[in-house]
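Please open the model in your viewer and keep a selection tool at hand. The stops below move from one group of charged side chains to the next.

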Amino acid sequence: MGYTIGQKLIKEHLLEGEMIPGTEIGIKIDQTLTQDATGTMAYLEFEAMGIDRVKTELSVAYIDHNTLQTGFENADDHRFIQSVAEKRGLLYSRPGNGICHQVHLERFGKPGKTLIGSDSHTPTGGGIGMLAIGAGGLDVAVAMGGGTYYTTMPKMTLVRLSGKLSPWVSAKDVILEVLRIMSVKGGVGKIIEYGGEGVKTLSVPERATITNMGAELGATTSVFPSDEITKQFLAAQGREEDWIELKSDDDAQYDEIIDIDLSSLVPLAAMPHMPDRVKTVEEIGKIKVNQVCIGSCTNSSLADMMKVAAILKGKKIAPGVSLTISPGSMQVLNMLSLNGALSDILSSGARLLECACGPCIGMGQSPNSAGISLRTFNRNFEGRSGTADAGIYLVSPEVAAASALTGVLTDPRTLGEMPSITFPSKFLINDNMIIKPASKEDADKVEIIYGPNIKPFPSSTDLPESIEAKAVLKVGDNITTDHIMPAGAKILPYRSNIPYLSNFCFRQCDEKFAEHCKQAGSGIIIGGSNYGQGSSREHAALVPLYLGIKAVITKSFARIHLANLINAGIMPYTFANPDDYDKIDTGDELALIDVRNKIINGDKVYLTNKTKGEEYELNYDYSDRQKAMILAGGLLNYTKNNSK
């Protein structure tokens, strides 16, 4: 039997385990990336390991999230990250150089390589044929130190594409259709591979848009073949030597096959407040629009921006609409400036933002109260924009630009013939905003600079024999990491300060959650299905750790958050009988009796509800390594113990 692309990439990098779906495997990591919202903590963790120099083929520290500097905090974090990069052997991408995934695709991504990043949209690299996986910062720190990356061996899903996209229909509509079919939890435990004749009609930026939003499926990653189109893209970036061919075998076997005819797709939109609430633009109708934001790591390529410029050329945006444009990289912005497209965009009345994540993470540009905002982004979770009652719709650049002109949600096919766009065969290459590290010989002279807002990694202890704690919070299905640990301009500057950050934990669900935890001293969280979906931010585990959370018990977990909980030393369990979820109330006194020995021996674990006089069986499927991590109080303690 032949191999799929995902299986080939795993087989090539497999260090531990067997390629049996559902079992733990360990793989070698070639490249890592971090961004500044998660990077400060990742580098604090790396420093705590006492390793002098990164051991990967390439590691890059990007500054793209916390670029709104209203105080010293973000600037201090950037200075800290730059000093670590200089001393420890990483490339440093300066603020303004661009969004990590767009820049990495342009300048560093290589077909056939493995990449993990402390950002859930790292699978963008799958558009160029990488095994690119989002992970917690601690996993990235371990990989930078030369350690193995552990994950569950995924199942393989083939999305078989046929036909060709019609005018005004784009790659964003492809991934929205996949989300409509599979849902936000349909990709859990899977690698989504794209194949079929339709693949040949999609450029690398279009492929990257699709793999980027594989994160919203809950997938381990998504991947495209590396073919002649990939080769052309790399050649245009002056990196043709990085190309290798990568395709699945003719007799490869898949666990699931989904067929999509590209020619049958129409413009789509994801409605508030979930990326899988997908309808056609025509079905939703001409709702009034207050704001349009074009950019993010999903749709900020030169190709996307050129399409927008062509649609806006010679026209004015509607009087009641605020239109913002965020190019994905300095390369994109420079090329738009040189070819005149930037002038077409600005002349329409658009507002140019810097090459950064910006509004996508609530870093500025929050909509007006109860406003409708169309965004070419990847997430539309409630409150993520910074405005609690805003309605956020996820759309393609074509839909966004057309709607900005009309002032209502608009099917761009109504605008007539789609403008023709000519793309360059060579990109502008200028890496002057990438700072190289000091040599090994000079690294000792570099001082790592800590600002006053940078606080130590929260400590944890060995797992005790038993746990007795209150149910300090009970939440429903599809709780996101934005619910657990919000982002936004007011909170992101404190990502390196866990004690202060803890005041905002779960505020959307319970304004006094942090206060309740501090009063209780310890606690257990009860959750529904797909708990922890969304971002890779390990702060959604580290802050609960700081607040004394000992276990999280749910109907099911999202992949990255489950790993982050174990990394933090918090026990994740699922209900053996999902109906038991309904029997627990906030405030119930709960106990996990003799839990340490039960984990050691692999025995069944039961949750005792002392308030109700009941007992519920729990499921857990920890590998031997994960058991050792839980017993040690988390990955950092485990790593220290095993390095002695």
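What follows is a tour of charged residues in a predicted model.

Begin by selecting helix H3, residues 72–88, and within it Arg79 and Asp76, which sit three residues apart, or about one turn of the helix. Their side chains form a salt bridge with an N to O distance of 3.6 Å, one of the 25 salt bridges that a search of the whole structure finds. Arg79 is partly exposed at 39% relative accessibility, whereas Asp76, at 12%, is buried because its value falls under 20%.

Next, select Lys610 and Glu468, whose side chains meet in a salt bridge at 2.9 Å, N to O. This pair links distant parts of the chain, 142 residues apart, with Lys610 in the loop between strands S26 (605–609) and S27 (614–619) and Glu468 in strand S21, residues 467–474. Lys610 is partly exposed, with a relative accessible area of 47%.

Asp585 lies in the loop between strand S24 (571–575) and strand S25 (589–592), 27 residues from Lys612. Both partners are partly exposed, Lys612 at 34% and Asp585 at 39%.

Finally, select Glu228, Glu240, Glu241 and Glu245, which gather on the surface in a patch of negative charge. Within this group, Glu240 lies in the loop between helix H8 (228–236) and strand S12 (256–261), and Glu240 is partly exposed, at 42% relative accessible area.

How values were computed. Residues numbered from 1 in each chain as written. Predicted model: local features only at pLDDT ≥ 70, side-chain atom pairs only at ≥ 80, totals over all residues. Heavy atoms only, no water. Patch = residues over 30% accessible without salt bridge, like charges linked within 9 Å, V, L, I, M, F, W, Y side chains within 5 Å. Areas by Shrake-Rupley, 256 points an atom, 1.4 Å probe, with all protein chains shown as cover. Salt bridge = Lys/Arg side-chain N within 4 Å of Asp/Glu carboxyl O. Lys, Arg positive; Asp, Glu negative; His and termini not counted. Charge placed at Lys NZ, Arg CZ, Asp CG, Glu CD. Helix = DSSP H or I, 4+ residues; strand = E, 2+ residues; numbered from the N terminus. Buried < 20%, exposed > 50% of the residue type's maximum accessible area, 1.4 Å probe, protein only.
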